[in-house]
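Grab your viewer and work through these exercises. Try each task before you read its solution.

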Amino acid sequence: MSQIGIMGGTFNPIHNAHLTMAMAAYEQAGLDRIWFMPSKNPPHKNSSEIISEEHRSNMIKQAIKDTPYFAFSDFELRHEGTTYTAQTLKRLQKTYPDHRFYFLMGGDSLFELETWYHPEMIMKMTTILAFSRNGETMQQMYERAAYLTSNYQADIRILSMPDMPISSSLIRSRILSGLSVSQMIPPDVEKYIFKENLYTTKEV
């Protein structure tokens, strides 16, 4: 049975913290592969700020092309309408019955998980690999994991990664302001962004 980590998100754009989190999950959880799975219409984000699926997908492919255990997945993009994690995990289990799935998330998502669509389904169907990404202390992370484990019989593992104050919104803001983002994203992603003239107006 293959152990597959799911790295979901809008990836608008993908950045170095995404890649570092995926690498940490691969190494610390002993996974076989990490699937980078861009979302179609995430229910919690303003879709008017999200660039096209094609551009987001191309940037992911550029970012992960040299890492053999990273893979691009268009699994969510193939489904119409708003995408919910619970539904995606259910489809994944049905489509890939021989895989065991692990879902990567930051500390902010771990603390908001109960507000997601059918959180009990998510915690039943997958092992959650959680990282402190927004200033949460390790004690807070472990306490939250213990709470969710007790209330939902969840399997939550708290992993570690370097502190990286990088976000897609920060990158978009810096590009719009004409500032450098070369330390935040892979070189090939930066080349793609400027070749396609992405994030240079507020309309995207």
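Rings of Phe, Tyr and Trp (its six-membered ring) pair if their centres lie within 6.5 Å; planes under 30 degrees apart count as stacked, over 60 as edge-to-face and the rest as tilted. We're working on a predicted model, where local features need pLDDT of at least 70, side-chain atom pairs count only at pLDDT 80 or more, and totals for chains, interfaces and linings use all residues. Numbering starts from 1 along each chain as its sequence is written, and side-chain values use heavy atoms, with hydrogens and water left out.

**Exercise 1.** Find which residues form one aromatic cluster.

*Solution.* The structure holds 10 aromatic pairs. One cluster is made up of F11, Y26, F36, Y69 and F70.

**Exercise 2.** Classify the ring pair W35 and Y96.

*Solution.* Start with the geometry: the ring centres of W35 and Y96 are 5.1 Å apart and the planes sit at 70 degrees, so this is an edge-to-face pair. Next, locate them: W35 is in strand β2 (residues 33-38) and Y96 in the loop between α3 and β4 (99-106), so the pair ties together parts 61 residues apart in sequence. Strands are DSSP runs of E, at least two residues, and helices are runs of H or I, at least four, numbered from the N terminus. Then hop from Y96 to F101: centres 6.4 Å apart, planes at 70 degrees, so edge-to-face.

**Exercise 3.** Is S73 buried or exposed?

*Solution.* Buried means under 20% relative accessible area, exposed over 50%, partly exposed in between (1.4 Å probe, protein chains only). S73 has 10%, so it's buried.
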